[in-house]
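Dear colleague,

My notes on it follow directly after.

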Amino acid sequence: MKRPQRKSYLFDNPRNVKILLRSFFLSLILLLLLEPFIHKHPHFSWEKWPEFYAVFGFVACVALVLAAKYILRPIVKRPEDYYDR
Amino acid sequence: MIDRIPPGFIFILGALLVPLLKGNFKKALLLIIPIVGMINLINLPEGNHTLLDFLYYKLILIRVDRLSLLFGYIFHIISFIGFLYALHLDDDLQHVAALVYAGSALGVVFAGDFFTFFIFWEMLTVSSIFLIWARRTKRSQGAGFRYLLVHVAGGLCLFAGIILRLYETGSIEFGYIGLNGLSSYLIFFGFGLNCAWPLLHPWLVDAYPEATITGTIFMSAFTTKCAVYALARAFPGTHALIWIGAFMTAFPIFYAVIENDLRRVLSYSLINQVGFMVCGIGIGTHLSLNGAVSHAFNDILFKALLFMAMGAVMFRTGRINATALGGLYKTMPLTCIFCMVGAASISAFPLFSGFVSKSMVMEAAAEQHMPIIWFILLFASAGVFHHAGIKIPYFAFFSHDSGLRPREAPLNMLLAMGVTAFLCIFIGSYPWPLYRLLPYQDVAYNPYSGSHVIWQTQLLFFSALAFTLLILSGIYPPEQRYVNLDIDWIYRKGVPLLLKVINISLGGIQSFCHKLFVDGIAKNVAKMSIDGTYRLSLVFLEPLWFIRGIRGKDLKKKKREVHRMFQTGTVPLGLKAVIATIFLIVLLLLI
């Protein structure tokens, strides 16, 4: 539904969204590039693997969302008035 | 002897004054109580105070040590923030309940013996339930009753454990217990229920989202943290807690991803955060215990901040479902910023409070060589950012434009959120004052090592990347107007089903017995004793009537009269005597 635009806000402008996303992706690359240069204090051997945390964070979250969407939700989803019936 | 004022009493006495005051005086009172309490607390020297004789036992109303003090400080701080947030509210019920609730929480934390502890522990439940019922909806009423029943069951368990322990040891002192024998298991379970352990957790996600906007702030702070305190006091280093805690951190995040009610999302993430504390208590090293209690301290602040931001949204729009919100950053920018500070803190971004406490538990797990636990905690750290860190602000303030243009939150709410946000950033950037308050000063911990900062930022940013890509590709599960079943299904659907089964099975037996005994045997015996004697008497009466010449209609009428006499038990004495005689003769002949 389109309504007459009264006031334009920060993210109404697609250019701002693009800037935000670009700077986000840039910071990701920066983080990846920084890692080899830091002094590490690993407790486990896998912490020494390059970019372990970045990969783990990404994979864990994708797995989390997929498991929640395709496994948990079909099992537990019920209509909103389920308990009132 | 009452040599010092117990911290909780100030709140409970203050609660009595609330109904007597009006307008600005009442508002002033609500803010002054936590300040007076704090002054009293600061002046309490370490050790046991206010010992009272009760039966053969000594009650210790105030036990001040580093552990109880830390919880005492944060409970005062959050009470002040909570009342500031609730200042616009003109509902004595909620103010009184919140004050008694805060007082009970302080009572629990400073109790040095089990009797005092148990009284305040039960008062926690009784006072907090009014914060649920004060919403005054049918759903909140039901949730409140379930909350009450579950906590009463847990309280009874705890009470049984305390009595058994008293019987075993002869002492009511509340200190280290450790798992050894039935009494300790009962106490352990009682604490665990308030701590929202897995399978015991549904009361939390059921009740908190149904509580009032301001009530939830207090609820998120006190009940579970009192349980964390009790576990830290009585069961540090108990191995079962490591796995319980790790499971607590992991399973709620799956629910949080698909939950639509944003305050329920926060309730799941509350369990997730308490999981870190429980795990830290279970590991039991000085570092992990410091981590557990400092994380409790920080969690109270950032969880309250998130609940306050969602409360402000709910206050202005009347909605809390993700499906009904979106685009609110346009007109509620300050609330949005405060919410993001809370989100960054719970996600443990560097410079925010979660970063300086959660990592202690992780570090302790690594130091103790627990790779599986460490992986679960790391997964939960990424997951919490995903659901509480991004999902909450994104769906409420950004996402699709819901068309809602509410006003910014009221000033008192903004101030409360502002103070909390400041504390979150201050503790995150400069954690040393908090570290100095921690129970064990023999371990030094520096969260700001280069690798920790970079690794944590990588973990979070790439979790954010996963969220961004999933949203952009449309794979991220869209919010839907559905409820999600949890363990409480067992009693919410199971108990009515049980009643139905009982009704059918036992009801069937009952109706069968009714047919057999009441309608069958009893009725026939009654009929026989009436009709049998009636017929017997006719043997004697009919010849008599025949002789008297009673026939036809008159005979029938006479018979009816006699029948009625037998039915109503108004048979003339002579007739009875005759029947008895005949009966005796028959009996005699038979023998």
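In this predicted model, the axes of helix α3 (residues 66-85) and helix α16 (residues 411-429) of chain B approach to within 7 Å and cross at roughly 155°. Axes here are lines fitted to C-alpha atoms, for helices over the stretch in contact, with angles running from 0 to 180 degrees between N-to-C directions. Helices (H or I, at least four residues) and strands (E, at least two) are DSSP runs, numbered from the N terminus. The crossing angle makes α3(B) roughly antiparallel to α16(B); angles over 145 degrees count as roughly antiparallel, under 35 as roughly parallel, 65 to 115 as roughly perpendicular and the rest as oblique. On the side of α3(B), the contact is made by B:Ile81, B:Leu84 and B:Tyr85, and α16(B) contributes B:Asn412, B:Met413, B:Leu415, B:Ala416, B:Val419 and B:Thr420. Contact requires that the C-beta atoms of two residues, placed from the backbone, lie within 7 Å. By class, these residues are seven nonpolar, two polar and no charged, where Ala, Val, Leu, Ile, Met, Phe, Trp, Tyr, Cys and Pro count as nonpolar, Asp, Glu, Lys and Arg as charged, and the others, Gly among them, as polar.

Because the model is predicted, local features need pLDDT of at least 70 and side-chain atom pairs count only at pLDDT 80 or more, whereas totals for chains, interfaces and linings use all residues.

B:Tyr85, in helix α3 of chain B, is buried, with 29 other C-beta atoms within 10 Å. A residue is buried if 20 or more other C-beta atoms lie within 10 Å of its own, exposed if 12 or fewer, and partly exposed in between. Apart from neighbours within four places in sequence, B:Tyr85 is in contact with B:Thr214, B:Ile217, B:Met308, B:Asn412, B:Met413 and B:Ala416.

Two strands of chain B, β1 (residues 47-54) and β2 (residues 57-64), run antiparallel and are joined by seven bridges; strands pair if DSSP finds at least two bridges between them. B:Asn48 stands opposite B:Arg63 in β2(B). The two strands form a hairpin with two residues between them, and B:Leu55 in the turn has a positive phi of about 50°.

Positive phi values also occur elsewhere in chain B: B:Ala196 has a phi near 60° and B:Ser399 one of about 55°. B:Ala196, in the loop between α7 (182-194) and α8 (202-207) of chain B, is buried, with 25 other C-beta atoms within 10 Å. B:Ser399, in the loop between α15 and α16 of chain B, is partly exposed, with 19 such atoms.

The contact between the chains takes 38 residues from chain B and 35 residues from chain A. The largest share of the chain B side, 15 residues, comes from α18(B), and that side has 25 nonpolar, nine polar and four charged residues. Strand β1 (residues 77-79) of chain A runs antiparallel to β3(B), joined by three bridges, with B:Asn484 as the bridge partner of A:Lys77.

Finally, the domain assignment, an automatic or database one, divides chain B into domain 1 (1-234), domain 2 (236-480) and domain 3 (494-590). The centres of domain 1 and domain 3 of chain B, taken over C-alpha atoms, are 68 Å apart.

With kind regards

Key. Residues are numbered from 1 along each chain as its sequence is written. Chains are lettered from A and ligands numbered from 1 in the order in which they are written.
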